[in-house]
Amino acid sequence: MSEPHDRTIQYGNATGGDVVVALDVGGTGMKCGLVRPDGVAVHTERHPTEAARGPAAVVDTILDVAAGLTGKARAGGLTPVALGIAVPGVVDEARGVAVWSANVGFRDVPLRDLAVARLGLPATLGHDVRAGGIAEARLGAGRGAGHVLFVAIGTGIAAAHVVDGAANIGAHGAAGEFGHILVRPDGPRCGCGRPGCLEAVASAAAVGRRYQELAGTPGTAAEVAERAAAGEPVAVRVWQEAVEALADGLATAQALFDVATVVVGGGLAQAGARLLDPLRAALRERVTFHREPRLVAAALGDEAGCLGAALLALDAHGGVPTTMEAR
Ligand SMILES: [Zn+2]
């Protein structure tokens, strides 16, 4: 394993207290930490996933990192009470199994039981975007809203529908596949095989591809946003296409879920007002009788998934309240 990036936010008055060991496993990196029951990370670390080594090696790294964090907690006078792990893909949360992941290569990995056997702590396995969603809903930009849709727009697009601090999982562990709402039947083919999914039109990757196609020169989504703001016609067009598609998707989501707040996170949200202002206007044009949600930028950055993994573990094993109202 390569040298981890290590950062301690605050030990302070948490010494002697309970903490949850939390890991958010992504395709390229793992964001990990020790999180207090009030949602404050007292210690964070990052490690490379190195998914190309194969799922078995990734599982070994996850368990090594978790064991290392457990040791650090005890060495610091803290008491690790549970372990929370969030992973991408299809997750069977009830059985604690990482069913399938394109990025990490998981195929029916019983990650929760492996973690319990290795660490001797109660463990919870969750989905990365749903974990991020509950963290934003309870601790971040959706705080106090009750009904929240968290939308993560990066290489792909996914969402979590969170009601009173709990995310809807779905009957098969696959709720929230917002990126695969059909928005442009004649549009570009999606990674899932169907043409016209929202993700194929409006993800950060799709924005870059579309710009390359029309302008003949490369541009990341962030560069396209910048060039659009500067008035470059091709960038304006590409950005507008993405915004319109996202607004179509959000209008569908609002018709289904009637949320109070939509929290937009992920790489594309780094564009800030350049994304949210036109998106808010485009969504306003689309809502008729249903109520327009508040549209805000995510507040927790890329630590949302790690904090959410901790919240899932606390909900299952920590005996703490599950809603902000009860805190
Ligand atoms: Zn799709």
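The model is predicted, so local features need pLDDT of at least 70 and side-chain atom pairs count only at pLDDT 80 or more, while totals for chains, interfaces and linings use all residues. Residues are numbered from 1 along each chain as its sequence is written, and side-chain values use heavy atoms, with hydrogens and water left out.

Me: What makes the arrangement around the zinc ion tetrahedral?

Reply: Start with the donors, which are N, O and S atoms within 2.8 Å of the metal (3.2 Å for Na, K and Ca); water is not among the atoms, so sites may look incomplete. Here they are His180 (ND1), Cys190 (SG), Cys192 (SG) and Cys197 (SG), at 2.0 to 2.4 Å. Four donors count as tetrahedral if all angles lie between 85 and 135 degrees (square planar for four and octahedral for six need opposite donors over 155 degrees apart and all others between 65 and 115; anything else is irregular). The angles at this zinc ion are 102 to 121°, so the arrangement is tetrahedral. Along the chain the donors follow the spacing H-x9-C-x1-C-x4-C.

Me: Why is Cys197 called buried?

Reply: Buried means under 20% relative accessible area, exposed over 50%, and partly exposed in between (1.4 Å probe, protein chains only). Cys197 has 0%, so it counts as buried. Cys192 has 46%, so it is partly exposed.

Me: How do you know that the length of helix 8 agrees with its number of residues?

Reply: Helices (H or I, at least four residues) and strands (E, at least two) are DSSP runs, numbered from the N terminus. The expected span of a helix is 1.5 Å times one less than its number of residues. Helix 8 (residues 273-286) has 14 residues and should span 20 Å; its end C-alpha atoms are 19 Å apart, which agrees. Helix 7, with 25 residues, reaches 35 Å from its first C-alpha to its last, close to the 36 Å expected.

Me: Which residues of helix 8 are buried, and how do you know whether they line one face?

Reply: The buried residues are Leu275, Leu276, Leu279, Ala282 and Leu283. Seen down the axis of helix 8, they fall within an arc of 140° (taken from the directions from the helix axis to the C-beta atoms), so they line one face. Their cover includes helix 7 (233-257), strand 13 (261-265) and strand 14 (294-297), where contact means heavy atoms within 4.5 Å.

Me: What makes helix 9 mostly covered?

Reply: In helix 9 (residues 304-318), eleven of the 15 residues are buried. Among them are Cys306, Leu307 and Leu311. What covers the buried residues includes strand 2 (18-25), strand 5 (79-87) and helix 3 (128-139).

Me: How do you know that strand 3 and strand 4 pair?

Reply: Two strands pair if DSSP finds at least two bridges between them. Seven bridges join strand 3 (residues 29-35) to strand 4, and the two run antiparallel. Leu34 has His43 of strand 4 as its bridge partner. The hairpin has five residues between the strands, and Gly39 takes a positive phi near 90° in it. In strand 4 (residues 41-48), six of the eight residues are buried.

Me: Why are strand 12 and strand 14 at the edges of their sheet?

Reply: The open sheet of five strands has the order 12-11-10-13-14, with mixed pairing. Strand 12 (166-167) and strand 14 each have a single partner strand, so one side of each is left without a neighbour in the sheet. Further in, strand 10 (residues 147-153) pairs with strand 13 in the parallel sense over five bridges, and Val151 stands opposite Val264 in strand 13.

Me: What is the accessibility of Val263, and what does Val263 touch?

Reply: Val263 is in strand 13. Its relative accessibility is 0%, so it counts as buried. Val263 touches residues including Gly142, Val151 and Val296. Val263 and Gly142 are 121 residues apart along the chain, but their C-alpha atoms are separated by 6.4 Å.

Me: Why is a positive phi in Asp258 worth a remark?

Reply: Most residues other than glycine have a negative phi. Asp258 has a positive phi of about 50° although it is not a glycine. Asp258 lies in the loop between helix 7 and strand 13. Its relative accessible area is 47%, so Asp258 is partly exposed. Asp108, also not a glycine, has a positive phi near 55°; at 52% relative accessibility, Asp108 counts as exposed.

Note on methods:
Lists of a residue's contacts leave out its neighbours within four places in sequence.
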